[in-house]
Amino acid sequence: MIEQVKGTRNLYGLEAEKYLYIYDIFRKSFNTYGYDLIELPTIEHKELFDKSIGENSEIVTKQMYEFKDKGNRDLVLRPEATASVVRFHNEFFRNESRKYSYFGKMFRYENPQKNRYREFIQAGAEIVGTIDEYSNLQILKTSIRFLSLLNIKSKLNLNTIGTKNEREKYIEELDKYFSKNKRELSKESVDKIGKNTLRILDSNDPFDNQIIDLAPVIYDYLNNETLSKYEAFKKDLKTEGINFVENPKLVRGLDYYNDLTFEFVVNGTVVGGGGRYDSLSEILGLGNLSGVGVAFGVDRLINTVKSIPSKTRVMLIAQNLSDLNLVSSKLDKAGISYLLPVRGSKENTQYKEAIKNNVDYVVNCTENTIKNINNNESIKFNISNLRKLL
RNA sequence: GUGAUCGUAGCUCAGUUUGGUUAGAGCGCCUGGUUGUGGUCCAGGAGGUCGCGGGUUCAAAUCCCGUCGGUCACCCCA
């Protein structure tokens, strides 16, 4: 037997329904609010992500699906979409400001586990161009509307990581501090000193707690402009009645972020995250445009959403096919959808099939009745009687 | 990249420790009957390269090695 590729997922039945439902709510939340949908290519030049996400990041060094095509180009399956959106924007709308939304497959070569797949779906939104802090608020408010329409209760974590210069100075101090206290850190954290210092703050190892708690805090290394922007933003959130938890240790894995970073957490799982990226365009050599965005893990949302609204389902049964064909043609004309038995089996078997398929009503085309499968009450079949039930 | 654990019928699993008839069960599926406002019950039937490859052995689902896949965790992230 040929097994499926590691880390891929088959969405079937209820999961597929949830996928469509989430896509639908996503479109209602973003697309219809002026975030134009963009279908981006799945393959991109490797260079795009080397530059944007960062050559030393975990994603680029270990997690990209890389290949050479027949023209000897270095290509990758995209690990995320923000860089592609910025590429597109700079190519076609360089001197405009625009809002985008996207919904599609991403790929990262990691070992799969709960809520993490090699091929996964992200739904995201970006505002790119000459923009101010108001965009940050818009992205967050729209995200919150999206999650609440899905009936998902999430916690919003918030942080600012300042400008690149500020961050570099902070990391320098952090390196010194952790080096000095090496002996009281886990081996894994020690390995990150000088390489991925910020991530040490994120350590789950209880052994590290004490040292991390006493570590320098990023806010002490940010200048007044950065801090006042951040304070103003928090004030806006409070005015809007948006609850959040400030987490100075929240660092994102992508190099291009500055100032605002945030994530939405449900039961300990990050279902979405994002932030500000004012230097991404420049890093890509594409100009000098700002941006802010959010991305949701659709697979994680599928695993989180408990139930979705269901439609009333009708199944036709009959003891001969001509009865079945007659009624199904009538329903086709009336625009009513229905299920049919897979084959002309005996009546009892067809009833069983209806029950198995979770239908609400069975139309017996031979007897001309509509039966409510939940209480076994039958009424005469005709189109208007059936329509009343739907 | 690291670690743990699992892989036997469509599904859930027993059998693996201690190698030994023809590899089993429940559910599901198909056929016939029963019931007749139907989801019950009865009988029969189909369905298995024991994930894959190699090794040990007179003999492997069972032991060894490798590999692929699932689940979970670390790392990391959505």
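My entries below go from the whole chain to a few of its helices and strands.

**Ground rules.** I am reading a predicted model, in which local features need pLDDT of at least 70 and side-chain atom pairs count only at pLDDT 80 or more, while totals for chains, interfaces and linings use all residues. Residues are numbered from 1 along each chain as its sequence is written, chains are lettered from A and ligands numbered from 1 in the order in which they are written, and side-chain values use heavy atoms, with hydrogens and water left out.

**Whole chain.** I started with the element count: chain A has 15 helices and 15 strands. Helices (H or I, at least four residues) and strands (E, at least two) are DSSP runs, numbered from the N terminus. Next I looked up the radius of gyration, which is 27 Å for chain A, well over the 21 Å that the globule rule gives for 390 residues, so the chain is more spread out than a compact globule. That radius is taken over C-alpha atoms, and the rule is 2.2 Å times the number of residues to the power 0.38. The C-alpha trace spans about 85 × 50 × 50 Å along its principal axes.

I then checked burial, and 48% of the 390 residues count as buried. Buried means under 20% relative accessible area, exposed over 50%, and partly exposed in between, with a 1.4 Å probe and protein chains only. I also noted that, among contacts (heavy atoms within 4.5 Å) between residues at least 6 apart in sequence, 66% join residues at least 24 apart.

**Helix α13.** This helix covers residues 321–334, and its 14 residues reach 20 Å from first C-alpha to last, close to the 20 Å expected at 1.5 Å a residue. The expected span is 1.5 Å times one less than the number of residues. Which residues of α13 are buried? I found Asp 323, Leu 324, Val 327, Ser 328 and Leu 331. Seen down the helix axis, they fall within an arc of 120 degrees, so they line one face of α13. The arc is that of the directions from the axis to the C-beta atoms.

Those buried residues pack against β12 (314–317), β13 (361–364) and α15 (383–389). On the face turned away from the buried side I listed the exposed residues Leu 321, Leu 326, Asp 332 and Lys 333. Gly 335 follows the helix with a positive phi, near 75 degrees.

Strands pair if DSSP finds at least two bridges between them. β14 (residues 369–372) also pairs with β15 (residues 377–380), again antiparallel over four bridges. Lys 371 in β14 stands opposite Val 362, and its bridge partner in β15 is Ser 378.

Are the faces of β14 covered or open? Both are covered, with Thr 369 and Lys 371 buried on one side and Ile 370 and Asn 372 buried on the other. I looked at the turns too: Asn 368, between β13 and β14, has a positive phi of about 60 degrees, and Asn 376, in the hairpin of β14 and β15, takes one near 65 degrees.

**Strands β2, β3 and β4.** My last stop was β4 (residues 74–77), which pairs antiparallel with β2 (residues 43–45) over three bridges and with β3 (residues 65–68) over four. His 45 stands opposite Leu 75, and Glu 66 stands opposite Val 76. The hairpin of β3 and β4 has five residues between the strands, and Asn 72 there has a positive phi near 65 degrees.
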